[in-house]
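Here is a friendly walk through a protein model, written for someone who likes to look at side chains one by one. Keep the viewer open while you read.

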Amino acid sequence: MKLKFTSLLILAGTLSFAQVTRKYSNEFLSIGVDARAFAMGNSVVANTGDVNSTYWNPAGLTEVYFGPQIAAMHAEYFQGIAMYDYLAGAMPLENNAVVGVSVYRFGVDDILNTTQLIDAQGNIDYDRISKFSTADYALSLSYAGHFLGNSDITVGANAKIVYRHIGKFASSFGFGIDLGFQFRTEDKFYFGLMARDITTTFNAWSINEEELNTITVTEPGTENQQTVNELPEETIELTLPKLQFGVAKDFQISDKFNVLSEVDLNFQFFETNDLISTSALSISPSAGFEVGFDNMVFLRGGVNNFQFETTFEGEKELTFQPNIGVGFKYKGISVDYALTDVGDQSIALYSNIISLKIDLGEF
């Protein structure tokens, strides 16, 4: 197993060597999953311990020990134009290990293709309008277990396969690996570290030149038509690694009430508008809490996305994103709600996010 895992790392590192890296790539995998996590400002890397750990920190999958779990979420962007869907499952094994699988799709469907609207004689023909879709897909396989037999320290990994397409014009395949660690103490302190895209996840793009060359324009004042598409020089798109470190504490207030809180630091290895930013590293904090009653009803809140935004007057202004949510759990069925901004926190309207989790082991 160790030999196979090492071989995967070497292969992925070889393929990504000497390629062009970009600041933002495979951004649909940075959105997140689970209304509980969104409500807590995405501050769950240390305390996550269910099937949704396949995304937030695969090391947390070791908390799935009673039986299989499944989870699902659906979210919409821009008044339903773009759809984001997530489905995951986790299964405990006999050797205190857990395996998981998760599927992601972010897409815009039924886009009107009007490039052939005008025929060769200059007439408008609506029958020449077609439709196409653009979508990003990811399949993630997860494995988690105890580190060297120590039940307090767990480690997990994700192997991701990414497929993206823009109609018939272009498509790509990619591969990447995530690593996660968790440490839990007897007095309910939790520590977590999630390293995403440690192999600089790559996407190898294939361009359909024949399809692109069907798009033409007419020069103003002439009848000359010409193609206007320039093919990109690079066909390999690399995703830079990201790190998320968190510390959480679970306070037992009484027999019925408990409060779980977590503070995270999110690291990106390029310059951004984050609270702390240099040419080589950017850091953004986040924090969240969860008040639980009898492990049935939950109230949550959190803040994240601390950014320095430029105003119309050219001044820098610090902004952040607040989030709230509630959750209900009954006989292994959890329904969670969050009022949060999925995606572009500074422009898009707040979204209502609902997710579902079923713990088959409790039935």
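Arg184 is found in strand 7, which covers residues 170-184. Please keep in mind that this is a predicted model.

Is Arg184 buried or exposed? With a relative accessible area of 15%, Arg184 is buried, because the cut-off for buried is under 20%. The side chain of Arg184 has two polar partners to look at. One is the backbone oxygen of Asn47, which the Arg184 side chain reaches at 3.5 Å. The other is the side chain of Gln182, with a polar contact of 3.4 Å.

Which ring does the charged end of Arg184 sit over? That ring belongs to Tyr190, and its centre is 4.5 Å from the charged end. Leaving out residues up to four places away in sequence, Arg184 touches Ala46, Asn47, Thr48, Gly49, Glu63, Asp152, Phe189 and Tyr190. Phe189 has a charge over its ring too: the charged end of Lys249 sits there, 5.2 Å from the ring centre.

Now for the aromatic pairs. How many does a search of the whole structure find? The search gives 10. Two of them are set side by side here.

| Pair | Centre to centre | Angle between planes | Arrangement |
|---|---|---|---|
| Tyr84 and Phe106 | 6.3 Å | 55 degrees | tilted |
| Phe306 and Phe320 | 5.6 Å | 25 degrees | stacked |

Phe306 counts as buried at 17% relative accessibility, whereas Phe320 is partly exposed, with a relative accessible area of 47%. Elsewhere, ring pairs link Tyr55, Trp56, Tyr86 and Tyr104 into a cluster.

Tyr84 and Tyr104 come up again in the largest nonpolar core. This core has 32 residues, and the members that touch the most other members are Phe28, Tyr84 and Tyr104. Elements that give two or more residues to the core are helix 2 (35-39), helix 3 (53-56), strand 2 (69-77), strand 3 (82-92), strand 4 (98-113) and strand 5 (130-147). Which strand provides the largest share of this core? Strand 3 does, with 5 residues.

Apart from its neighbours within four places in sequence, Phe28 is in contact with Tyr84, Tyr104, Phe106, Asp136, Tyr137, Ala138 and Val162.

Finally, zoom out to the whole chain. Its secondary structure comes to 4 helices and 20 strands. The chain has 363 residues, of which 42% count as buried. Among contacts with a separation of 6 or more, 55% are accounted for by residues 24 or more positions apart. The accessible surface comes to about 19,400 Å², and 61% of that surface belongs to carbon and sulfur atoms.

Note on methods: Residues are numbered from 1 along each chain as its sequence is written. This is a predicted model: local features need pLDDT of at least 70, side-chain atom pairs count only at pLDDT 80 or more; totals for chains, interfaces and linings use all residues. Side-chain values use heavy atoms; hydrogens and water are left out. Buried means under 20% relative accessible area, exposed over 50%, partly exposed in between (1.4 Å probe, protein chains only). Contact means heavy atoms within 4.5 Å. Accessible areas come from the Shrake-Rupley method with a 1.4 Å probe; for residues, only the protein chains shown count as cover. A nonpolar core is a set of buried Ala, Val, Leu, Ile, Met, Phe, Trp, Tyr and Cys residues joined through side-chain atoms within 4.5 Å. Rings of Phe, Tyr and Trp (its six-membered ring) pair if their centres lie within 6.5 Å; planes under 30 degrees apart count as stacked, over 60 as edge-to-face and the rest as tilted. A charge sits over a ring if NZ of Lys or CZ of Arg is within 6 Å of the ring centre and within 35 degrees of the ring normal. A polar contact is a pair of N or O atoms within 3.5 Å; within protein, one must be able to donate a hydrogen and the other to accept it, and residues adjacent in sequence count only if both atoms are side-chain atoms.
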